[in-house]
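Subject: Structure for your review

Dear colleague,

Please find below the structure I am handing over to you. My notes on it follow directly after.

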Amino acid sequence: MKIWASCIGLQNFFQALSFSVKYYSKHNHLQTIYLYSQIKPKKCHILDCSGNACRSTLPPGSILWWRFLSCKVCSLSVDLMSTAILTHLLRKPAMLFQMSRKHVFPKGFEHFLLSVLFYAVDEANANVLFSTEDIGFSDAHIQRIRISPDQRYMAASLKSENSEEATCVIMKLDHFPVMEKVIPNIFSFEWATSDVLFYTSQKNLKCQEVFMTTFTNERHTKLVYTEQDARFFVDIYCTKDRRFLTINSNSKTTSEVWLVDCSHPFKSPVLVQARTKGVIYHIEHRNDELYILTTYGEPAEYKLMKAPVASSGMENWQLFYALEEKTKLIDLEMFSNHCIMFLQHTGHLYLNVISFVSHSIQSIKLPTWACAFELESHPEHTTSTCYFQLSSPVHPPKCFAYSFKENNLIEQAEQEVPIIKNCHTTRLLAKSKDETLVPITVFHNINSKELHRKPLLVHVYGAYGIDLNMSFKEEKLMLIEEGWILAYCHVRGGGELGLSWHKDGCQHNKLKGLHDLKACIMLLHELGFSQPKYTALAAASAGGVLAGALCNTDPELIRAMVLQAPFLDVLNTMMKTHLPLTMEEQEEWGNPLADEKSMKYIKNYCPYQNIKPQHYPSVFITAYENDQRIPLTGVLKYVQKLRKAARDHASKTDRKGNWIPNIILDIEAKGSHCDSSWEDSLNEVCPLYCTLP
């Protein structure tokens with residue numbers, strides 16, 4: 001991979017690079033102006049996040065470490081290959097499949113384009129600044145880029161698809177760029193000054209140390225902070241005005257922040273507020289005041305508070321803005337004179353704009369079709385316009401802008417890929433076992449007739465306070481065009497209705513998520529959306545807990561199940577304290593070693609523990625050989641036990657129409673946890689779709 005630069009200036013160039021890679025559509029169109037890059041897809045993922053899916057290291061409904069004052073969280077989706085497998089499982093339950101590795105690309109995809117907002121560079125006027133191949137990282141993609149304030153240095157993290165640990169390369173930018181330093185096993189990093197870099201080291205999925213390294217005449221590296229509690233994960237962030245660098249230590253339920261003054265980076269960090277059990281907080285800075293996004297106080301949902309820098313303790317926190325009941329804060333971004341909040345309430349997205357000058361609040365309801373948004377990555381602190389995109393699983397991203405000067409929302413010009421017109425969106429509420437109303441979002445082709453005969457793909461997650469991924473996926477659009485119905489069940493344990501929604505579905509409340517899922521599927525069938533023999537269930541990572549549990553308790557509700565890197569053996573995993581995530585995830589699942597009640601409760605729903613000889617749906621599981629979060633041995637044990645149970649049931653029942661379900665395990669040699677690329681998915685699904693009857 002190569003990075004190109006030209007006369008537009010390094011700062012503008014790398015601001016452009018930091019904008020997230022946009023979706024490449026089947027119409028070979030991107031929604032903004034392009035930055036040309038001769039980069040093949042596998043080596044050009046310019047991301048501003050770790051890309052890690054969960055089993056999570058995020059606190060529930062938490063702030064992204066790499067964007068800090070942001071509540072948008074990593075979510076999960078099932079890849080295109082699995083979608084094609086579903087069709088086979090539903091139509092031909094006795095068929096076995098040969099996985100094809102033939103490469104199939106849409107025209108023009110060989111030269112992948114990086115999307116930027118205002119800048120375009122042609123190869124003729126560009127110089128190569130950085131090539132991963134030239135420094136021995138040919139199999140790596142760039143994960144994050146940070147430029148020093150004076151633009152003399154570039155820090156870039158490189159990550160291969162087979163590992164969750166990244167390597168940071170620091171380049172001195174000149175006519176002939178020179179590699180100054182290589183730092184292995186890094187997670188987050190920020191420049192405090194033009195020659196002082198802070199970074200966190202990662203080992204076995206844990207970040208518990210912060211280092212400072214200098215690029216002055218007297219170069220040295222020293223340890224700045226060490227986290228002693230194994231449940232906490234440490235990252236660093238620079239406030240938007242670059243006044244402070246924050247050291248953030250987070251568990252699933254509790255936070256602690258230390259401040260480093262960027263004008264005096266060698267001084268010891270200063271504590272904002274000592275950790276208080278159950279209180280999450282995150283910091284931004286404006287005009288000598290700290291703005292604190294926190295769960296402190298009642299209700300225990302996110303609220304924005306502020307306090308003087310000089311007296312930042314909790315006793316001095318003053319409420320600045322509180323969310324309405326059952327409102328989810330999806331994202332928050334601070335600007336010099338405004339604060340923008342993206343909210344979700346009763347299934348709809350809203351944009352709230354708070355003026356620090358006039359103290360006014362403007363609330364704008366976003367288009368009803370919108371289910372997900374993406375904010376411009378690292379917008380300028382003093383900008384007069386905030387850019388973002390809206391999408392849904394079946395609606396390609398559409399660009400919008402909010403003008404602070406005009407106080408209005410601007411819809412960008414229609415892109416070549418139009419918003420799909422033949423897809424109908426329905427929002428339902430299913431009544432769970434305890435009469436709690438559970439939201440469902442349903443998509444189907446408006447021209448489809450006899451919906452009860454159409455195949456239904458149900459999505460579920462329900463853990464860590466993380467929402468289902470509702471962003472655009474081309475494979476979902478393909479399914480709609482093929483007549484499928486897509487349903488997204490926003491069950492408890494997820495974060496769609498705020499922090500209380502997550503709390504009501506974790507630890508000793510996990511069964512509520514299972515009851516929610518059952519109620520959602522039953523309501524869909526009652527309303528005429530497909531029927532059990534045409535229904536498939538899709539889940540990834542920790543979503544496998546609820547999906548696997550439903551297979552044990554109510555297998556008659558579905559015909560097939562597709563799981564990606566699934567978490568299936570909760571009990572045994574949570575009893576193995578040597579595994580990297582066990583300690584920190586006790587706040588999500590409980591501690592079966594110390595609490596007998598937790599052990600009995602987990603055993604009651606754990607998918608692996610409750611397999612028994614009975615009728616099961618067909619199952620397709622994708623697992624990753626190098627998965628550090630979900631050990632492959634656990635998945636293998638689950639598949640073996642499930643196959644035996646299905647065979648035992650079939651041997652004991654001899655009735656007409658009885659069949660043995662397909663239980664297929666696809667082990668990917670490459671990739672880590674839920675780390676499958678769109679290119680790989682496309683290569684898998686094209687030949688499979690061609691074989692459909």
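R242 lies in the loop between β12 and β13 (244-250); strands are DSSP E runs of at least two residues, helices are H or I runs of at least four, and both are numbered from the N terminus. The model is predicted, so local features need pLDDT of at least 70 and side-chain atom pairs count only at pLDDT 80 or more, while totals for chains, interfaces and linings use all residues. Residues are numbered from 1 along each chain as its sequence is written, and side-chain values use heavy atoms, with hydrogens and water left out.

Backbone

Although R242 is not a glycine, its phi is positive, near 60°. R242 is partly exposed, at 35% relative accessible area (buried is under 20%, exposed over 50%, partly exposed in between; 1.4 Å probe, protein chains only). N185, in strand β8, is another non-glycine residue with a positive phi, about 50°; N185 is also partly exposed, at 38%. The peptide bond from E298 to P299 is cis, with omega near -5°, and P299 is placed in the loop between β17 (289-294) and β18 (303-308).

Aromatic pairs

The structure contains 20 aromatic pairs (ring centres of Phe, Tyr or Trp, the last by its six-membered ring, within 6.5 Å; planes under 30 degrees apart are stacked, over 60 edge-to-face, the rest tilted). One of them joins F187 and F233: with ring centres 5.0 Å apart and planes at 80°, the pair is edge-to-face. Because F187 belongs to strand β8 (residues 178-193) and F233 to strand β12 (residues 233-238), the pair ties together parts that are 46 residues apart in sequence. Both partners are buried, F187 at 7% relative accessible area and F233 at 2%.

Y601 and Y605 form an edge-to-face pair as well, since their ring centres are 5.8 Å apart and their planes lie at 70°. These two tyrosines are four residues apart in helix α9 (residues 596-605), and are therefore separated by about one helical turn. Y601 is buried at 17% relative accessibility, and Y605 is buried at 5%.

Charges over rings

The charged end of R275 sits over the ring of F232, 4.2 Å from the ring centre (NZ of Lys or CZ of Arg within 6 Å of the centre and within 35 degrees of the ring normal). R492 likewise has its charged end over the ring of W501, at 6.0 Å from the centre.

Kind regards
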